[in-house]
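This briefing is intended to be read alongside the sequence and the coordinates.

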Amino acid sequence: MTTATDAAALKGRVAGAIADARATVVELSHDLHAHPELAMQERHAHDLLADTLEQAGFAVTRHAHDVETAFRAEIGTGAGPQVVVCAEYDALPGIGHACGHNLIGASSVGAGLSLAGLVDDLGVGLCVLGTPAEEAVGGKAILVERGAFSRADVALMVHPAPLDIREAPALAVNDLVVTVHGKAAHASLSRSRRANALEGLVEVYRLLSAHPLGDWERCHGVITHGGDAPNVVPERTEGHWLVRARTDVDAATLAAMLRDEIETTLADSGCTVEFTSAMEVYREMKHNHVLAGAYQANAEALGREFVPQALIGPESASSTDMGNVSQVVPSIHPMIGIDSLPALNHQRGFADAAVSAAADTAVHDAAYAIAATVVDLAVDSDLMAAVRADFERTDSVGDPLER
Ligand SMILES: [Zn+2]
Ligand SMILES: [Zn+2]
């Protein structure tokens, strides 16, 4: 049986290894930031991170699970906990790394680098999984369906945010691609507004942006195609909306209700409407409270301070495809602060903050806290059992207000 002293010694080795790797890991973060790539096009990030892990002794499968920009980097054949650390690296259109996924890729690889020399002593199997397309498409949803987590006992990652938060609520998402079909006409000869696909889509936009929603619900979108020429009445227009709610069922129900209301709105417009989808369903995040607690303790040991969980409410809710992972494997998705305020995620100021000195420290601290949590799991079989027991709880939606 491993003792607490052993755990402290092992964490000391992790700390030494991450200190040695710090320059490399920070360089990875800055390199990713300087090469922002959109969902499923992250070829530079894929090669950069896969090469780094291969050079450190990992067995690397490129283009894993038939996803061009996914990879698996594996090390350790122990019979202890099988650990997946998720590395995100996609950016946003127009605003680059304004969600700071460069930190996620770098810190997850950093965790891998710092554990590489310990996996045999720990008896764990470690996979750093390159998970593309979090901001669109839903790369992890596809990877879950293709068995990427089938052997995993736990899945971990850390996401940058203005402040450290153990469990930020992540809502389920359904998307609606709304295509409105009208009738092409000469815009001067035909002065009727009927069968004008742009008029129809603007009505849809108004309906959805003014729709009453609960605290835990969201509906927001953009017009992606508004027509082709000002002198032609548009015959086809399109918009893309995300519909979010607290649970998978609530999101699906809300999306269905909105589809009905859109059809009613357009019933007398002379237009027809078609609904499709452009991304996977993102499931609600089932935070593993036990594993998240272990992560928090390791991050606090570095002097990091967390927002009290009781202060985390619906205003802190976003979504992540890590939700899909969390429904099949005990998972954590804590936020690590990069001192970006007043800038929040998806703002230009956040992209700037994602390569600040505070961000570089966050990359180091996240890498350490992930790796130290893996040490805890490896040396303490009671912890692994408690993680599994928490995963079996049936109230899949943890109410952060009560914790
Ligand atoms: Zn984002
Ligand atoms: Zn993000």
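**Structural briefing**

The model described here is predicted. Helix 12 (residues 381-391) has buried residues, and the elements that cover them include strand 5 (154-156), helix 8 (289-300) and helix 11 (357-379).

**Domains**

- The chain is divided into domain 1 (4-170 + 284-402) and domain 2 (172-276).
- Six residues from domain 1 and eight residues from domain 2 take part in the contact between them.
- On the side of domain 1 that touches domain 2, three residues are nonpolar, two are polar and one is charged.
- The C-alpha centres of domain 1 and domain 2 are 36 Å apart.

**Nonpolar core**

- In soluble globular proteins, nonpolar side chains tend to be buried together.
- The largest nonpolar core holds 123 residues, of which Val14, Val85, Ile370 and Ala371 touch the most other members.
- Each of domain 1 and domain 2 supplies at least three residues to this core.
- Leaving aside residues up to four places away in sequence, Ala371 touches Val14, Ile18, Ala111, Ser114 and Leu115.

**Helix 12**

- Met384, Val387 and Phe391 are the buried residues of helix 12.
- Viewed down the helix axis, the buried residues of helix 12 fall within an arc of 55°, so they line one face.
- An α-helix has 3.6 residues a turn, so residues three or four places apart point the same way.
- The exposed residues Asp382, Ala385 and Ala389 are carried on the face of helix 12 turned away from its buried side.

**Backbone features**

- Most residues other than glycine have a negative phi, and most peptide bonds are trans.
- Leu341 and Pro342 are joined by a cis peptide bond, with omega about 10°.
- Pro342 lies in the loop between strand 14 (335-337) and helix 10 (348-353).
- His346 is also found in the loop between strand 14 and helix 10, and its phi is positive, near 75°.
- His346 counts as partly exposed because it has 14 C-beta neighbours inside 10 Å.
- Asp66, in the loop between strand 1 (59-62) and strand 2 (71-75), has a positive phi near 60°.
- Asp66 has 8 other C-beta atoms within 10 Å and is therefore exposed, the cut-off for this class being 12 or fewer.

Technical notes:
Residues are numbered from 1 along each chain as its sequence is written. Chains are lettered from A and ligands numbered from 1 in the order in which they are written. This is a predicted model: local features need pLDDT of at least 70, side-chain atom pairs count only at pLDDT 80 or more; totals for chains, interfaces and linings use all residues. A residue is buried if 20 or more other C-beta atoms lie within 10 Å of its own, exposed if 12 or fewer, and partly exposed in between; C-beta atoms are placed from the backbone. Helices (H or I, at least four residues) and strands (E, at least two) are DSSP runs, numbered from the N terminus. The arc is that of the directions from the helix axis to the C-beta atoms. Two residues are in contact if their C-beta atoms, placed from the backbone, lie within 7 Å. A nonpolar core is a set of buried Ala, Val, Leu, Ile, Met, Phe, Trp, Tyr and Cys residues joined through C-beta atoms within 7 Å. Domain bounds come from an automatic or database domain assignment. Ala, Val, Leu, Ile, Met, Phe, Trp, Tyr, Cys and Pro count as nonpolar, Asp, Glu, Lys and Arg as charged, and the others, Gly among them, as polar.
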